[in-house]
Amino acid sequence: METCSSCSSGELPKGCKNNGTCGTGNCNSKLSVFNWLSDIHPPTKKNQPQYIEVRFKDDRKDFYINDSNLVLSIGDIVAVEANSGHDVGVISLTGELVKIQMRKKKAKMDELGKVYRKATQKDIEIWQNFKNKEHNVMLDARKIARSSGLQMKICDVEYQGDGSKVTLYYTAEGRVDFRQLIKDYAMAFRSKIDMRQIGYRQESAKVGGIGSCGRELCCSTWLTDFRSVNTAAARYQQLSINPQKLAGQCGKLKCCLNFELDTYVDALADFPSSQTVLETEKGKAYCIKVDVFRNQMWFTYTENPISWHPINIYEVKKLVELNKKGITVKPLDELLEKEDLKVDLIEENNLHRFEKKSKSTNKRKSRNKNQQKTNTKNTTEKQKTKSKTNNTNSNQQKKRTPKKPK
């Protein structure tokens with residue numbers, strides 16, 4: 001059984017404490033699926049075939065039929081049917097959830113391969129030997145493609161489990177005539193050659209990496225549906241059209257621009273058009289910015305484009321209705337509501353709350369404290385001297401006053 005990197009067969013696992021049977025097959029596997037139906041065993045017929053999902057290199061997965069009713073679990077290495085010979089992979093999913101995944105990916109029952117057996121030690125050794133050759137074969141394939149003068153890039157190489165076929169993944173901007181190239185590869189690698197063109201997003205999914213958000217790339221961990229991303233998605237989200245910030249590691253627009261696009265579109269449905277023009281007493285005011293989170297629209301005058309005026313969208317709708325009736329609106333300065341003063345005692349909105357204060361400020365504060373102490377001392381001493389002088393004066397006056405005769 002294949003175990004996680006944080007698990008060990010001899011000792012207690014350090015991570016998930018399931019020793020590779022946590023529902024993913026491997027804690028570090030790409031595109032792993034949690035089997036949330038593993039504890040549910042619905043009534044099934046005796047002769048009903050069992051379906052399993054097998055994971056191969058990187059993000060390649062396929063579905064197979066377990067005709068021989070082998071006892072299989074997640075993480076087992078199996079030998080499965082291929083076009084020529086057999087292939088070796090790791091079981092990534094079993095049970096009823098496989099049928100749901102097959103419906104989602106529209107897999108055809110008639111075209112599914114069969115599971116031959118659990119991989120023997122010999123099968124695993126042959127499989128590992130060919131996997132270790134893949135990096136050197138990729139470098140040699142790049143040299144051969146460069147010498148032939150073809151505008152293409154070999155991204156990845158995958159050997160079949162028995163080594164009878166080599167699949168080379170490449171990227172290119174246009175169509176490539178690689179008929180002679182396949183002959184050269186067959187002579188160099190001594191096996192059947194299969195060339196597959198992939199997109200730049202699929203290339204980044206195979207290579208992997210860390211995005212600007214600090215997490216692993218979505219395409220290499222869970223994303224399987226690569227949809228086209230347009231600059232309109234950035235405009236709806238009020239993002240600056242900066243290709244250096246909006247582009248991912250694949251050189252295309254980031255896939256995450258589509259994640260929140262639907263929520264922004266739903267929110268902007270209540271907003272007036274961004275091309276609305278308000279007729280005011282000072283002149284025409286044009287919309288220059290839309291704030292989705294605060295439900296505000298910023299307007300400015302053509303004569304004074306430096307000053308921007310935020311107005312609530314409900315107020316904007318009222319002003320547009322007044323303009324339609326032919327009524328000019330007051331200037332935007334008078335329409336602005338006075339915001340209530342808010343005191344931030346916790347300094348939550350203060351950007352400098354975590355910065356260390358400089359020594360000069362500390363010295364100044366210490367000087368001010370010392371001065372305050374000295375001032376308080378002086379005032380107390382003055383008060384004491386005044387009280388003493390008052391007491392002495394009162395005593396002298398008592399002595400001077402003559403006593404009344406008896």
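**Charged pairs**

Modeller: In this predicted model, a salt bridge joins the side chains of Lys61 and Glu53, at 3.9 Å from N to O. Lys61 counts as partly exposed because its relative accessibility is 21%, whereas Glu53 is buried, with a relative accessible area of 1%. As background, side chains of opposite charge can pair when their charged atoms come close. The count of salt bridges here comes to twelve.

Another of them is formed by the side chains of Glu203 and Lys153, at 2.9 Å from N to O. This pair links distant parts of the chain, 50 residues apart: Glu203 belongs to helix α4 (residues 200-207) and Lys153 to strand β6. Glu203 is buried, since its relative accessible area is 11%, while Lys153, at 40%, is partly exposed.

Strand β6 also has a place in an open sheet of three strands, ordered β6-β7-β8, with mixed pairing. Its edge strands are β6 (153-159) and β8 (192-197), each pairing on one side only. On average, neighbouring strands of this sheet are turned by 25° against each other, direction ignored. Helix α3 (residues 179-189) lies across β6, β7 and β8, and runs at about 135° to β8.

A further salt bridge is made by the side chains of Asp225 and Arg227, at 3.0 Å from N to O. Asp225 has a relative accessible area of 44% and is therefore partly exposed; Arg227, at 59% relative accessibility, counts as exposed.

Terms used
Residues are numbered from 1 along each chain as its sequence is written. This is a predicted model: local features need pLDDT of at least 70, side-chain atom pairs count only at pLDDT 80 or more; totals for chains, interfaces and linings use all residues. Side-chain values use heavy atoms; hydrogens and water are left out. Two strands pair if DSSP finds at least two bridges between them. Helices (H or I, at least four residues) and strands (E, at least two) are DSSP runs, numbered from the N terminus. Axes are lines fitted to C-alpha atoms, for helices over the stretch in contact, and angles run from 0 to 180 degrees between N-to-C directions. Contact means heavy atoms within 4.5 Å. A salt bridge is a side-chain nitrogen of Lys or Arg within 4 Å of a carboxyl oxygen of Asp or Glu. Buried means under 20% relative accessible area, exposed over 50%, partly exposed in between (1.4 Å probe, protein chains only).
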